[in-house]
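This briefing goes with the structure shown below. The points are grouped by topic.

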Amino acid sequence: MASDKVSIHGAWASRWVFILAATGSAVGLGNIWKFPYMTGVYGGGAFVVMYLFCIALVGVPIMLAETLIGRRGRQSPVNAMKSLAIEAGASKHWSLAALMGMVAALLILSFYSVVAGWSLDYIIGMGRGDFTGISADGAGAAFGGLTSDPWRLTLWHSLFMLVTAFVIAKGVVAGLERSLRIMMPLLFVLLLVLLGYSFTTGHFREGFDFLFHFDPSKVQDGILAAMGHAFFTLSVGVGSIMVYGAYMPKKASIGATVLTVGLLDTLVALTAGLALFPIVFAAGLEPGGGPGLMFVTLPIAFGNIAFGQVMGLIFFVLVAVAAWSSSISMLEPAVAYFVEKTGRSRAQVTAALALLCWLVGMGTVLSFNLWAEAKFFVFAEDGFHLLQWGAEGGKTFFDSIDYLTSRILLPLGGLSFAMFAGWVLSRDAVREELSIRSPLLFNLALWLIRVVAPIGVLIVFIAELSK
Ligand code: PHE
């Protein structure tokens, strides 16, 4: 039986460690940085409602699928899918989906490391007291000062990548548990403190309405963005959860575990949104301000409350840790794969891959300053340009990588994983892995994986194309 095997890369001590690691992967910049700014860009409630739907009907079922594929395969995602496909008498080319996911994860890491680097810079700024009593304009200028300086960005990007590579090289299982057990709860506590501050701004109601007021006319604007973000925030569609599933103990119940991770992730994102928007409105900032939203808003809060300097410092340390535990899970599928394939040490493989991601990440560093006018994928009146300097439309390097991964590669990867678990693996195999006792619940889970999640992805793609 496949699930008796143990992965060569290690194993979690218990189901709780898996929950911790998977939550560590899921909770990150996606929740605290990206969710609020995307909500702002796509106009609020409609985005949030679609995001919640996508989490429940698409993201969580795909997370189930990934975990069970990983645990049954007990190898890197590519090899797990290959061997399970062969075992089931299907084409081994199913593993291409995992290969695509692996590449997507590396691309995400390339820009993730840059943004995580911003929080490192903010740790220093907070520690020095740069933000004490700061105004909205001052906070905006501070952020602009950071992103317009390629050297400063490069420094922090390099440092973050190094730290990530260091832990990966030593093995995920060893390093992660100890740090996450304390840091994750603490991060949540500080978000609650920020939420408390938001209550005092006098704009809580406005922030709340912005997040939850559902305006149907805005649905189509952000539907693909919302689904893409549901994948991103749960770390699904790339194999990160699959590789963690491969290290999961045999007896643990996948269903309950995955639900816990999904709920925690959503809770953190909503709390971050609820904490942020009242501050945005109170300071008269633009909710659609884009990627700088959190980095402009939070210093205002910390700069103007008692003990703000210390709390701000701790907060940005925790954001960096949350980002770090996510970035580890982006690198792990590829590291596991190349260790299996080449027989080289984890350290060597990690060094090579991290260097590669670092290089691609330099494109993101430059897209905020020297390359800000370099626009890719420009559809202009005189036709299509892959790269045009100073074009009106088009996307910067950072926007292009973000778009390609979240809106295209992740949903396609997730679709393939769900189809594979639902239709290629035998019903008995799925039943054995999920070990859900109640036939009703098992059928529900299987139906979500087989039908609801794939159709959900297709509907969103079609809705986007027909815009
Ligand atoms: N889920 C992480 C976050 O929200 C990002 C991530 C994406 C991690 C893909 C792993 C794989 O920050």
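The model is predicted, and every value here is computed from it.

- Helix 1, residues 15-26, is 12 residues long, and its first and last C-alpha atoms lie 16 Å apart, close to the 16 Å expected at 1.5 Å a residue.
- Because 10 of its 12 residues are buried, helix 1 is largely enclosed by the rest of the structure.
- The buried residues of helix 1 include Val17, Phe18, Ile19 and Leu20, as well as Gly24 and Ser25.
- Helix 3 runs over residues 45-73, and at 1.5 Å a residue its 29 residues should span 42 Å; the C-alpha atoms at its ends are 40 Å apart, which agrees.
- A bend of about 45 degrees occurs in helix 3 at Ile55.
- Helix 3 is mostly covered, with 24 of its 29 residues buried.

- Asn31 belongs to helix 2, residues 29-41.
- The relative accessible area of Asn31 is 0%, so Asn31 is buried.
- Apart from neighbours within four places in sequence, Asn31 contacts Ala26, Pro36, Thr233, Asp265, Val268, Ala269 and Ala272.
- Between Asn31 and Ala226 there are 13 Å in space, C-alpha to C-alpha, and the two are 195 residues apart in sequence.
- Thr405 belongs to helix 16, residues 397-424.
- Thr405 is likewise buried, because its relative accessible area is 0%.
- Leaving out residues up to four places away in sequence, Thr405 touches Ala104, Leu107, Ile108, Phe111, Leu410 and Pro411.

**Salt bridges**

- The whole structure contains eight salt bridges.
- One of them joins Lys34 to Asp402, with 2.8 Å between the closest N and O atoms.
- Lys34 is in helix 2 and Asp402 in helix 16, so this pair links distant parts of the chain, 368 residues apart.
- Lys34 counts as buried because its relative accessibility is 1%, and Asp402 counts as buried because its relative accessibility is 8%.
- Another salt bridge pairs Glu433 with Arg71, the closest N and O atoms being 2.9 Å apart.
- Glu433 is in helix 17, residues 427-434, and Arg71 is in helix 3, so the pair ties together parts 362 residues apart in sequence.
- Glu433 and Arg71 are both buried.
- The side chains of Asp130 and Arg128 also form a salt bridge, at 2.7 Å from N to O.
- Asp130 counts as partly exposed because its relative accessibility is 39%, whereas Arg128, with a relative accessible area of 59%, is exposed.

**Nonpolar surface patch**

- A nonpolar patch on the surface is formed by Leu186, Val189, Val193, Phe307, Val310, Leu313, Ile314 and Val317, which together have about 640 Å² of accessible area.
- At least two residues of the patch come from each of helix 8 (172-200) and helix 14 (308-342).
- Helix 14 gives the largest share of the patch, four residues.
- Leu313 is located in helix 14, and Leu313 counts as partly exposed because its relative accessibility is 30%.

Key: Residues are numbered from 1 along each chain as its sequence is written. This is a predicted model: local features need pLDDT of at least 70, side-chain atom pairs count only at pLDDT 80 or more; totals for chains, interfaces and linings use all residues. Side-chain values use heavy atoms; hydrogens and water are left out. Patches are made of residues with over 30% relative accessible area and no salt bridge: like charges are joined within 9 Å, nonpolar side chains (Val, Leu, Ile, Met, Phe, Trp, Tyr) within 5 Å. Accessible areas come from the Shrake-Rupley method with a 1.4 Å probe; for residues, only the protein chains shown count as cover. A salt bridge is a side-chain nitrogen of Lys or Arg within 4 Å of a carboxyl oxygen of Asp or Glu. Buried means under 20% relative accessible area, exposed over 50%, partly exposed in between (1.4 Å probe, protein chains only). The expected span of a helix is 1.5 Å times one less than its number of residues. The bend at a residue is the angle between axes fitted to the seven residues ending there and the seven starting there. Contact means heavy atoms within 4.5 Å.
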